[in-house]
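Thanks for coming. Please look at the model on the screen, and I will go through some of its charged residues.

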Amino acid sequence: MKISRIICIICFIVMIHPISINATSNEENWEKLDQISDQALQMVKQERYKDAKQLLTHFSNEFLRMNQREQSFSMDDLRIITMTHNSAFEAVNSTSLSFEERINRVTKFRLVMDAMRSEHQPMWTEMEDSIMTTFGQMKDTVEEGDTESFNHQLTVFLSKYDMIHPSIAVDITPEDVQKIDSHIAFLDTYRNEDLKSTTRIQQLEQMEMDLKNLFERMKEDEADPSLIWVMISTGGAIILTLIYVGWRKYKGDKQKRQKQRDYDQR
């Protein structure tokens, strides 16, 4: 009995071991890429652009190897990572861009890599207060009828939102991203048009709801990955136990029938 149980346990470990190795390897690769993006940002903040360029080149090589080996990226994720990486690489090479613009571009890339790796509270959600504060100020200018201030606040808002937009596209459904994008397109297109204040306010109120829902969605508690792993492990153990019990019962019944046949033949 004990030997059979040990065999079942060994079989179970053998079954889950490759999964565990693959999950660990994938996580380590993501962590490495995430760290490289963070180091590149730190170099740009220190105006060490050559070092940042080397790190971004190193990232490109590591990312290419990871993608060829694991092919774990969707086309949308691949497009977003490539786009923000190219923009960051251009920023550290361009002498015509301001220091602030360089920081913004590399930060955008950094936020994307964090969003790709983080399962809970990605870094881009930390900009909620700043974005919603600017949004509130923009809404106030519409209510006050101050068109000049509205245009200024809208520009500031668009700049902040643009920084997190690729990260949002990683974490949020395309439908929800499209809702915000349509609001922004309306406000930006008609920023200089003589619209009724009530029209802009209605648009802003709906947009405010969609923005809050977007950030709230990322705050919702998700299932703990470790808990999921425990559930899978426990479920697998239960299934194997049931199989073992069924096999023992079948073997016992077979032995009883054989003994009965032997007895009847005497």
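Asp188 counts as partly exposed, because its relative accessibility is 36%; buried means under 20% relative accessible area, exposed over 50%, and partly exposed in between, with a 1.4 Å probe and protein chains only. This is a predicted model, where local features need pLDDT of at least 70 and side-chain atom pairs count only at pLDDT 80 or more, while totals for chains, interfaces and linings use all residues. Residues are numbered from 1 along each chain as its sequence is written, and side-chain values use heavy atoms, leaving out hydrogens and water.

Asp188 forms a salt bridge with Arg191, at 3.1 Å from N to O. By salt bridge I mean a side-chain nitrogen of Lys or Arg within 4 Å of a carboxyl oxygen of Asp or Glu. Arg191 is buried, at 16% relative accessibility.

The whole structure has 15 salt bridges. One of them joins Asp34 and Arg117, at 3.4 Å from N to O. Asp34 sits in helix 1 (residues 2-45) and Arg117 in helix 4 (residues 99-117), 83 residues apart; helices here are DSSP runs of H or I, at least four residues, numbered from the N terminus. Asp34 is buried at 6%, whereas Arg117 is partly exposed at 27%.

Asp210 lies in helix 8 (residues 197-219).

Notes. Helix = DSSP H or I, 4+ residues; strand = E, 2+ residues; numbered from the N terminus.
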